[in-house]
Amino acid sequence: MSSRRRRNPNLVSVSSHSQQDPDFLSEHKHCEVSLEDETDATALWIKQLKNVWGLWKKSEGVTRMLHEYFASAPNPYTATLHIMFSCEDIHQGKHSSLLYTVMEEFSRWTANKETELKDLLTVDIKLQAFISATQQKNVSFCKMVFSIYRLIDDKELFIEPIRELISRRQYKEACQSATLLELHQHFTVEDFIIQLVFQDKLSVAEEFLLGSPQHQRLLVSFLDDLLGRRNIKSEGEFIIKRLHIHDAKEDKLHQKPLSKLVARLTKAYNLPPETCPNLNQKRNEGALQFLIHKRYIENTLGRESWREMVREAVGNNRDLQLELIACVNNCGDPHEALYWANTYGIPKHKQPYNVQRLQEADSDISQQQGAVALVYSDNQGEQESWDDDSPQYWYHVFPLSQTSIFVVDTEEGFELFLEYIKDVPMVGIDSEWKPCFGTRRNELALIQIASREQVYILDVCNLGSKCANLWHELGLILFANENIIKLGFGLITDMDMMKRSLPHLGGTSLSGKGYIDLVVLWKKLIQDHPFVFPYTVEDGASGESLTRLVHLCLGRPLDKSDQFSNWERRPLRDSQKLYAALDAYCLLEVYDVLSQCAHEQDIPLFEICSEVMADVKSPRKMAKHSRKPVKQKDMTVQEASLPPTEPIPVSQFRAVCDNMVQGLGKMLRKCGIDTEILANEDDHDMCVRICNKEQRIILTRGNVYNQLCQHVPQGHCYQVKSDIVEEQLQEVLKYFNVFITRQDVFSRCQICNGGDFVVVTQDVMHQLAQASQLMAQFYARNQELKLDEGFSTESGVIIEHCKTRKGVTIHVDAVPAGVLNQIQEFHICEDCGKCYWDGSHFERLVCGRLQNIVIS
């Protein structure tokens, strides 16, 4: 036995070289392990092994040959290395190769012989194993070699070899080795992590980062600092040159992809917001513009919700405070601008001129008076507008008394709710969470559960994990009870959020039998049956959303002004409680109408609901992170369904564009296609919510496709292939067989996606401009503007108030004076007040980018 375990005199002594020459790894990179002089018998055996492998691949014969060879070799560790270097595919290490099989069988053979073979595993052999393993492309093979040869037991020995890999710019191999050997503390993020990030090999870097929270913070801080530079591309190129990074992906050196990367890493490693101040700054800037758009362009954000979310987005950032005041003033609301100037203590000389005039008009104006002025301004607008937009008249209202709404925020209240809900045959379910602009992840705030007599609002923020047993009981009593029908709208999104935020619900299934998603039911009714709703809604209004379905069934839409609220703030406002209760209760009302209409139209609703319950997919289970490189051919999880065989017009195609294809979304709008476009700060998951609620086609790119397609019906997600916007447009139109006519071009508003325009003459535009100036003068003087009620039926706009028939301010001040005096006809978007006119841009577009797209 001792003769078998003696050190082979022909083994290359790596350790002696390593002590004398720091570049020993370079010297031995291509060395063949000289275990012993290869005899004719050994060469014949290896040839025989290859022949057997060629015939049978993995088989009992190959296994038996290898195990016998290991047992007869003086040193099995060196013998195995010898076989490795005899394999032609030594640098590939594929799972199906002889090389991988040899190492796999050696691992099995040594499984119970570690003590017996311990003395044979010398430092020299470990270094040879390290050299051979780091030459492989297969990561799993490399891990197997590291494990078999127990390199981690002498991990300090490999610090210099790893640095040698870094000097040769083999960053991937260096990172993998440092990860496997747990040598995190010996390397900085600039040794190989930054290089791998710039080379777009993040999966390798993330394997290293998982074992070191310190490196996680340092990397995010490094990238966030780059994000805060004025010229990201120039700074990035300097870093590439300084760190000698080859094959860097410079297309990643832009604000948008870099912001997404920093946000993803921050969320993945649960880092505090202070780690990435520049990202939060940029996201808050985008959030502010989004809020202004919701408040002053779409008019879908109530005053209290607006102020809550603005405080959230602006915070203590002085630059954003000044930008807020300037933007609000430019939107024609100087009283609100004054409110914020007083709130944030902005000096008079930094305020816009209009706001200064308001301040001067009454030197005693305070922050509270500014708020009162805004309330007065809002009420005045309602009284003077022809379309009184009070919820009691224009919107569907909660039919029960407010005493039927119960906020459950104590254990006692929770127990009473559970006692009540167990005997209810059908409930409507919805949930709310606060929109987040920065790196913080959305957290569930409320769950609304409505019966026909009462609505319970479960305060998740207050109850949280304090009532683990009660949440578990809720899962059993309600969610797992197939006898209680649970109605929802876009159920997958809500249920996914509940499972993530409330782990105490346990393994309860939150989909399937007992669940009816009204989105799916609606789709089946109108596509598979001649179903007719009791009310009609103007095409395109509100999209395929809950408010549209309520409008079709109940005659009036929902008031969504409190949807975008801070749902984590306590106490909840009465308007928030009412909004939350109605969102759940209206599901029951809608179902009753659908049931009645189906009965009158001889449509088998019960059978359709059974199909819907079978079709509802459970929230996609998050697969465990696999750090293995994914081949490109495996990237597509689900292909979109086959496109229509017959050409379809623009009116039949509706899309939601992920923020990765915003340029494509803008081109689709120019073609007249109803297109929702995600903002930079929006999460990709918002596409799923919009798709499921409005039945749109998701357009996205890259790996995000795999994340989204599994949450939406088959064929509702398409992966755009091209990088060029014009080619993307042609690709999408061709795939879905959509044809564009000249009448479709510019038939939608490029700002708000609205499709309703009113055509006015040059004279009407001049009158609107005069009315706008007159109103501005009165506002500046803080005087009441008394005008007659009504609007001109000839012009189609409210000239005196400079508003559209929908009560939206017309942005006539944005039209240049020269254009106003030359153009005879203008088109005004009724949804946002944007003004358009015919010019050379139409022909340039049709004859240019759309030359081969628009048909006669």
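In this predicted model, E207 and K143 pair up in a salt bridge, with their closest N and O atoms 3.9 Å apart. E207 belongs to helix 13 (residues 202-209) and K143 to helix 9 (residues 139-148), so the contact ties together parts that sit 64 residues apart in sequence. Helices here are DSSP runs of H or I with at least four residues, strands are runs of E with at least two, and both are numbered from the N terminus. A salt bridge means a side-chain nitrogen of Lys or Arg within 4 Å of a carboxyl oxygen of Asp or Glu, and by this rule the count comes to 38. E207 is partly exposed at 24% relative accessibility, and K143 is partly exposed at 34%. (Buried is under 20% relative accessible area, exposed is over 50%, and partly exposed is in between, using a 1.4 Å probe and protein chains only.)

K294 and E298 make another salt bridge, at 3.6 Å from N to O. Here K294 is buried, at 14%, while E298 is partly exposed, at 31%.

Then there's R696 with E676, whose side chains meet at 3.8 Å, N to O. This pair links distant parts of the chain, 20 residues apart: R696 is in the loop between helix 33 (685-694) and strand 9 (697-700), and E676 is in strand 8 (residues 674-677). R696 is buried at 2%, whereas E676 is partly exposed at 28%. Salt bridges with shared partners join R654, D674, E676, E694, R696 and R748 into one network.

As for the ground rules, residues are numbered from 1 along each chain as its sequence is written, and side-chain values use heavy atoms, leaving out hydrogens and water. Because the model is predicted, local features need pLDDT of at least 70 and side-chain atom pairs count only at pLDDT 80 or more, while totals for chains, interfaces and linings use all residues.
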